[in-house]
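Please look through the sequence and the structure shown below before reading on. The report that follows takes up a helix, a sheet and some aromatic rings in turn.

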Amino acid sequence: MDTTVPDFGPPQGEREHTAAADIWAQAFALAPEDARGWHKKIEAGEARMCVLREGGSVAATIVLIPMGQWFNGRRVPMVGIGGVGVAPERRGQGTATRLMRTALRELRSQGAPLASLYPATQPLYRRVGFEQSGSRQEIRVRLHGLDFQERTLALRPVTEADVPALRDVYRRYAQRQQGWIDRTAYTWNRVTHPRGETAYGYLVEGRAGIEGYVYLTRRLVSQGLVQELNLTDIVALTPAAGRRLLSFLGDHRSMAQEVVWRGGPADPLLFQLREQTYEVKHLFHWMLRLLDVPAALQARGYPAGLSGALHLEVEDDLFPENHGRFVLEVENGEAEVRRGGDGDVKLHVRALAPLYSGFLSPAALQGAGALEADESSLRTAAAIFSGPPPAMPDMY
């Protein structure tokens, strides 16, 4: 029987676990105990750490987080990628590229249609087919501008018994958004226990149950005399819930100057403010990779009432199965994909990612030299992939 440890897979034994933690400590400037603690969180959540072995030792690490991502009201299975680290002595030798190619091949073989990540460097991930596909913004609001006096809905601390209903509230809200993730235990832990802290949760209730909630931590600024409210999550299903949460945050004016949270470029909570007493700052563009082009196109949601067909010709250097011509036929929000067609829209799988997410229009991609199409095909593609700008408040 062959007992050889494969070149890619979970770390085996204490030596490989220690080597992986050491890579993380150096790659992400973590204390050794924090690197080991991260590994424990991965094991406790619905995530998986893998290593690439070269020359008999651990050369690189990666974390794979199965979840989902919402596009036009439908959840598409997606694997989030994090923890990509390379041993210092292995840098500059193509190790990270080999790691990513190996991991993506495994994910595709397991049936994952999409992979997503936040890049520390874009050239590496572009080499394996990722491209910018959405944004993450920092929203900073001055508390003196939160002059709401909404008190009609009840607000109280979150209890353990509330968690299942609260997670359902998040899912209902995320389904309306473009690009938001369907959280797992691993990503929920980042909401409730960010970087070792404990976030305090408060929910808003109406006659029909929970209508919104917020999780927050408090940080001291200005030599410890003033706080900043850091929201790890805020969701309002109704306008009244939004006003009640903004009133609650505004009630902290005597001890804090600003509240900050992460979201997209057009947060509906900001629309309710009387004045523009806020700043929206770009933090990251997250990147997307279509691992299985037909499956990803078919799983996505599309505008209701729209009928049309788009003839694609896709180039993919890593997966021959994605290479070639496909016909995407859309009917009332759902799609069918088949091989063949005229190939009227020509693009690399990289460019297909921002088209798929709605991050860039077909015309913008054409203007960047990433897409070739005639005017009729451009209009069809614009209609099929229309929607709000994709965003992702979560990190992973």
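Is helix α10 mostly covered or mostly uncovered, and how many of its residues are buried? In this predicted model, α10 is mostly covered, since 8 of its 9 residues count as buried. The buried residues of α10 are Val349, Ala351, Leu352, Ala353, Pro354, Leu355, Tyr356 and Ser357. After the helix comes glycine 358, which has a positive phi near 85 degrees.

**The sheet and its helices**

Strands of a sheet pair through backbone hydrogen bonds, and the pairing may be parallel or antiparallel. Here, 5 strands make up an open sheet with mixed pairing, and their order is β16-β15-β14-β17-β18. At its edges lie β16 (334–339) and β18 (371–372), each of which pairs on one side only. Within the sheet, strand β14 (residues 307–315) pairs with strand β17 (residues 345–348) in the parallel sense, over 4 bridges, and the bridge partner of valine 314 is leucine 347 in β17. Helix α10 (residues 349–357) packs on this sheet, where it touches β14 and β17, and its direction makes about 110 degrees with that of β17. A further helix, α12 (residues 375–384), lies across β14, β15 (324–331), β17 and β18, and runs at about 105 degrees to β14.

**Aromatic rings**

A pair of aromatic rings is described by the distance of the centres and the angle of the planes. The count of aromatic pairs in the model comes to 12. For tyrosine 302 and phenylalanine 385, the ring centres are 6.0 Å apart and the planes stand at 65 degrees, so this pair is edge-to-face, the cut-off for that label being over 60 degrees. The pair links distant parts of the chain, because tyrosine 302 belongs to the loop between α9 (293–299) and β14, whereas phenylalanine 385 belongs to the segment after α12, 83 residues apart. Both tyrosine 302 and phenylalanine 385 are buried. Elsewhere, ring pairs join Tyr170, Tyr173, Trp180 and Trp188 into a cluster.

| Arginine | Ring below it | Distance from the ring centre |
|---|---|---|
| Arginine 108 | Phenylalanine 319 | 5.6 Å |
| Arginine 300 | Tyrosine 302 | 5.2 Å |

Technical notes: Residues are numbered from 1 along each chain as its sequence is written. This is a predicted model: local features need pLDDT of at least 70, side-chain atom pairs count only at pLDDT 80 or more; totals for chains, interfaces and linings use all residues. Side-chain values use heavy atoms; hydrogens and water are left out. Two strands pair if DSSP finds at least two bridges between them. Helices (H or I, at least four residues) and strands (E, at least two) are DSSP runs, numbered from the N terminus. Contact means heavy atoms within 4.5 Å. Axes are lines fitted to C-alpha atoms, for helices over the stretch in contact, and angles run from 0 to 180 degrees between N-to-C directions. Rings of Phe, Tyr and Trp (its six-membered ring) pair if their centres lie within 6.5 Å; planes under 30 degrees apart count as stacked, over 60 as edge-to-face and the rest as tilted. Buried means under 20% relative accessible area, exposed over 50%, partly exposed in between (1.4 Å probe, protein chains only). A charge sits over a ring if NZ of Lys or CZ of Arg is within 6 Å of the ring centre and within 35 degrees of the ring normal.
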